[in-house]
Amino acid sequence: MAYPYGGYGGQMPGGPMGVPPPGSYQTQYAAYPGTFSAPPAQDPMWGYFTAIAGQDGEVDAEELQRCLTQTGISGTYAPFSLETCRIMIAMLDRDYSGKMGFNEFKELFGVLNGWKQNFMMVDRDNSGSVEPHELSQSITNMGYRVSPQALGCIIKRFSRGGRIYFDDYVACCVKLRALTENFRMRDVMQQGAVNFRYDDFILCTMSI
């Protein structure tokens, strides 16, 4: 099998603000946006979400960028770019609205915390960047199985000056997860091969 069926790889410890481990969101992934397993007002993140979302009750890329900068989730790393925030939303934007609701917002925080911890495991000198072989190790740690050719393409796409910075690392993780999930949904026989209609292929790739 050339790709994992575990979303973004194995479970990793959770993060701040009471967010459960990222793996716990696996069962909610197919839930329709706007549905909650418990009243959202009882969730510790609900008040924070409503303050960020504003009157429309959803978060767009600009609001998400401000939110992630204010929370300090990137730590000592540079704040996320607007483009990375756009594709974060696209990863969970199941109705193609360009925004995310509360469930998606909460899911994103769980995923981000997992990716950050994975990045920190390979960024041993706390430089805020990793080398290509460390990115390769991280991708493998998350359960993805890609060819050397595909890995080389990924490294060229997301490296700057021979290094991969945290913002680009997250962008890479977003695309790997989203494209893998799009592929998985179409690979009903789990054979590692699917047939795409042209318009479907464009929709899958251009929406991320």
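**Rings and helix faces**

Author: Let us begin with a group of rings: Trp 46, Phe 49, Phe 102, Phe 105 and Phe 109 form one aromatic cluster. Please keep in mind that this is a predicted model.

Reader: How many aromatic pairs are there, and how is the pair of Phe 49 and Phe 102 arranged?

Author: Two rings are paired when their centres lie within 6.5 Å, and by this rule the count comes to 12 aromatic pairs. In one of them, Phe 49 and Phe 102 have their centres 5.5 Å apart with 65 degrees between the planes, an arrangement that is edge-to-face. Phe 49 belongs to helix H1 (residues 46-53) and Phe 102 to helix H4 (residues 102-122), so this pair ties together parts that are 53 residues apart in sequence.

Reader: What kind of pair do Phe 183 and Phe 196 make?

Author: Their ring centres are 6.4 Å apart and their planes meet at 45 degrees, so the pair is tilted. This pair links distant parts of the chain, with Phe 183 in helix H7 (residues 166-186) and Phe 196 in the loop between H7 and helix H8 (198-206), 13 residues apart. Phe 183 is partly exposed, at 21% relative accessible area, and Phe 196 counts as partly exposed at 31%.

Reader: Which residue lies over the face of Phe 158?

Author: A charged side chain can also sit over a ring. Here Arg 157 lies over the face of Phe 158, at 4.7 Å from the ring centre.

Reader: Which residues of H1 are buried, and where do they fall when seen down the helix axis?

Author: The buried residues of H1 are Phe 49, Ile 52 and Ala 53. Seen down the axis of H1, they fall within an arc of 95 degrees, so they line one face of the helix. What covers these residues includes helix H2 (61-71) and H4. Just after H1, Gly 54 takes a positive phi of about 80 degrees.

Reader: How many residues of helix H3 are buried, and which helices do they pack against?

Author: Helix H3 (residues 82-92) is mostly covered, with 8 of its 11 residues buried; among them are Thr 84, Cys 85, Ile 87 and Met 88. The buried residues of H3 pack against H2, H4 and H7.

Key
Residues numbered from 1 in each chain as written. Predicted model: local features only at pLDDT ≥ 70, side-chain atom pairs only at ≥ 80, totals over all residues. Heavy atoms only, no water. Phe/Tyr/Trp six-rings, centres within 6.5 Å; stacked < 30°, edge-to-face > 60°. Helix = DSSP H or I, 4+ residues; strand = E, 2+ residues; numbered from the N terminus. Buried < 20%, exposed > 50% of the residue type's maximum accessible area, 1.4 Å probe, protein only. Lys NZ or Arg CZ within 6 Å of the ring centre and 35° of its normal. Arc of directions from axis to C-beta. Contact = heavy atoms within 4.5 Å.
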